Amino acid sequence: MAEYKQYITQIQENGNVMISEDVIASIVASALSEVEGLGSLGTKPGIGILDFDSKKHWGKSLKIMIAEDNSLAIDCSVMINYGQSVVDVAAAVQTAVSNALESVTGVKVTAVNVNVCGIVRA
């Protein structure tokens, strides 16, 4: 089984840049806040997406895996707003998270796995 790190390390000319899981979680939360039709991140309705800004709030809702080659895999559990297409919203989540992480960190995202836990009334 692969061992995962807690930081992305990028070697620069003048030293190293380390990006923590908390920063990655903040980027994910920001990207998710822009997805139309997404009710919340998590398995319980009523919890705001932007409440997931540090590891103590992630719970089972967000899992960040940083591989040895600094690539990222993200697992997130979400609630979809009633009346929205589950498949369309889940695809939008994958695209938003992947694009945000790649553009902000410059790191390859290998997977964004979306677990739809339920439907909420908007």
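Helices (DSSP runs of H or I, at least four residues) and strands (DSSP runs of E, at least two) are numbered here from the N terminus. By that definition, Asn 99 is found in helix 3.

**Basis of the model**

This is a predicted model: local features need pLDDT of at least 70, side-chain atom pairs count only at pLDDT 80 or more, and totals for chains, interfaces and linings use all residues. Residues are numbered from 1 along each chain as its sequence is written, and side-chain values use heavy atoms, with hydrogens and water left out.

**Overall layout**

The protein has three helices and six strands. Along the sequence they follow the pattern β-β-α-β-α-β-β-α-β. Burial is defined by relative accessible area: buried is under 20%, exposed is over 50%, and partly exposed is in between (1.4 Å probe, protein chains only). Of the 122 residues, 41% count as buried.

Strands count as paired if DSSP finds at least two bridges between them. Strand 1 (residues 7-12) pairs with strand 2 (residues 15-20) in the antiparallel sense, over six bridges. The two form a hairpin with two residues between them. Gln 10 has Val 17 in strand 2 as its bridge partner.

Strand 4 (residues 62-66) and strand 5 (residues 72-81) also pair in the antiparallel sense, over five bridges. Here the hairpin has five residues between its strands. Ile 66 stands opposite Leu 72 in strand 5. Four of the five residues of strand 4 are buried, so this strand is largely enclosed by the rest of the structure.

The loop between strand 4 and strand 5 holds Asn 70. Its phi is near 70 degrees, a positive value in a residue other than glycine. Asn 70 counts as buried because its relative accessibility is 14%. Glu 68 lies in the loop between strand 4 and strand 5 too. At 56% relative accessibility, Glu 68 counts as exposed.

Helix 1 covers residues 21-33. The expected span of a helix is 1.5 Å times one less than its number of residues. For the 13 residues of helix 1 that gives 18 Å, and the end C-alpha atoms are 18 Å apart, so the two values agree. Glu 21, Ile 24, Ala 25, Ile 27, Val 28, Ala 29, Ala 31 and Leu 32 are buried in this helix.

A nonpolar core is a set of buried Ala, Val, Leu, Ile, Met, Phe, Trp, Tyr and Cys residues joined through side-chain atoms within 4.5 Å. The largest one has 27 residues. Ile 24, Leu 38, Ile 64, Leu 72, Val 93, Val 97 and Leu 101 touch the most other members. Helix 1, strand 3 (38-41), strand 4, strand 5, helix 3 (86-105) and strand 6 each supply at least two residues of this core. Helix 1 gives the most, with six residues.

**Contacts across the sequence**

The table lists C-alpha separations for residue pairs that lie apart along the chain.

| Pair | Apart along the chain | C-alpha separation |
|---|---|---|
| Tyr 7 and Ile 66 | 59 residues | 7.2 Å |
| Glu 68 and Ile 8 | 60 residues | 8.9 Å |
| Val 86 and Leu 38 | 48 residues | 9.2 Å |
| Asn 99 and Val 28 | 71 residues | 9.9 Å |

Tyr 7, in strand 1, is partly exposed, with a relative accessible area of 38%. Asn 99 counts as partly exposed at 47% relative accessibility.

**A nonpolar surface patch**

Patches are made of residues with over 30% relative accessible area and no salt bridge; like charges are joined within 9 Å, and nonpolar side chains (Val, Leu, Ile, Met, Phe, Trp, Tyr) within 5 Å. A salt bridge is a side-chain nitrogen of Lys or Arg within 4 Å of a carboxyl oxygen of Asp or Glu. Accessible areas come from the Shrake-Rupley method with a 1.4 Å probe; for residues, only the protein chains shown count as cover.

Tyr 82, Val 86, Val 116 and Ile 119 form a nonpolar patch on the surface. Together they have about 340 Å² of accessible area. Val 86 sits in helix 3 and counts as partly exposed at 33% relative accessibility. Ile 119 belongs to strand 6 (residues 109-120). Ile 119 is also partly exposed, with a relative accessible area of 44%.
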